[in-house]
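These are my notebook entries on one structure. I put down what I looked up, topic by topic.

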Amino acid sequence: MSFNDDFTEEAGFNQRWLKVNDSGGETKSVRLPGNVDLSGGGLSLNLGSNTNDATGKRPFTGGYVRSRDFRQCYGYFECEMRIADEPGVNNAFWLTSVPETEGDTHFELDVVEAKYPNVVQVTARRWRPHREVLSRTYRPRGTRLADAYHRYGMLWNESQFQFFFDDRTIYEVPNTFAHTPAVLLFSNAVASFAGKDDGDVNGAATAIRNVRVFQNTQ
């Protein structure tokens, strides 16, 4: 194990993570440090209303964190997460390459983008120098992802990606571009690509119970 966090105490959290202030990009949310907290033995990314939105383009708020110093190339990455009980919300555990080591190739690895009620989307994406998207959407039958914590995992090595939902393999694909260290990120946002929202997400949150990262040192 090379990295782990159970999100049980504030001091350790602040040593390992940065709360990100983000304007939202293509989403309907701004993501604010004040929407991130530790409660009940877990990380909570709270959703709410954006009272400072004068344009109507981003009427919601969400949360976003990234690992402060930790970076890793290849390994197994997993978290236990309960998504927000709201339609139209993207609940994400993802990795991105970083400027100091990525060279010409910038990539993003979505261990999961989970959406209400039971959409599990996994993606390996190259943004530069040209775009390539390797993705699958999985819908576990009879499962509402907001009702309980589920385990989302990705095995990343030099030759392939393998994605898991509750320890079951749901997608395997060759790795053609991701060969430099990446940073860990958790975020949520109200977004059109996550479905139609009902206009009110106050009180909802994405909850992360733990995160674990392993590396093969052989």
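Where is the place of P59? I found P59 in the loop between β6 and β7; helices (H or I, at least four residues) and strands (E, at least two) are DSSP runs, numbered from the N terminus.

**Entry 1: ground rules.** I am working on a predicted model, in which local features need pLDDT of at least 70 and side-chain atom pairs count only at pLDDT 80 or more, while totals for chains, interfaces and linings use all residues. Residues are numbered from 1 along each chain as its sequence is written, and side-chain values use heavy atoms, with hydrogens and water left out.

**Entry 2: P59.** I looked up the accessibility of P59 and got 30%, so P59 counts as partly exposed. The classes are buried (under 20% relative accessible area), exposed (over 50%) and partly exposed in between, with a 1.4 Å probe and protein chains only. I then listed contacts, meaning heavy atoms within 4.5 Å. Leaving aside residues up to four places away in sequence, P59 touches K28, G48, S49, N50 and D53. I also checked P59 against E172: they are 113 residues apart in sequence and 37 Å apart in space, C-alpha to C-alpha.

**Entry 3: the sheet with β6 and β7.** Strands of a sheet pair through backbone hydrogen bonds, either parallel or antiparallel. Here I count two strands as paired if DSSP finds at least two bridges between them. I found an open sheet of three strands in the order β3-β7-β6, with mixed pairing. β3 (29-31) and β6 (48-49) stand at the edges with a single partner strand each, so one side of each has no neighbour in the sheet. β6 and β7 (residues 60-62) run antiparallel and are joined by two bridges. I noted one partner: S49 is bridged to F60 in β7.

**Entry 4: salt bridges.** Side chains of opposite charge can pair when their charged atoms come close. My criterion is a side-chain nitrogen of Lys or Arg within 4 Å of a carboxyl oxygen of Asp or Glu. How many salt bridges does a search of the whole structure find? It finds 15.

One of them joins R212 and D6, with the closest N and O atoms 2.8 Å apart. This pair links distant parts of the chain, 206 residues apart: R212 is in strand β18 (residues 205-214), and D6 is in the loop between β1 (3-5) and α1 (10-16). R212 counts as buried because its relative accessibility is 17%, whereas D6, at 31%, counts as partly exposed.

I also looked up E102 and R128, whose side chains meet in a salt bridge (2.9 Å, N to O). E102 is in helix α2 (residues 99-102) and R128 in strand β12, 26 residues apart. E102 is buried at 8%; R128 is partly exposed at 40%.

**Entry 5: the largest pocket.** On a 1 Å grid over the protein atoms alone, a pocket is an open set of points where a 1.4 Å probe fits, with protein on both sides within 12 Å along at least five of seven lines; lining residues have an atom within 4 Å of a point. The largest pocket has a volume of about 610 Å³. I found 22 residues in its lining, with E26, E108, E113, W127 and F193 nearest its centre. β11 gives the most to this lining, with four residues.

Technical notes. Grid points are joined across faces, edges and corners, and a volume is the space filled by probe spheres set on the points.
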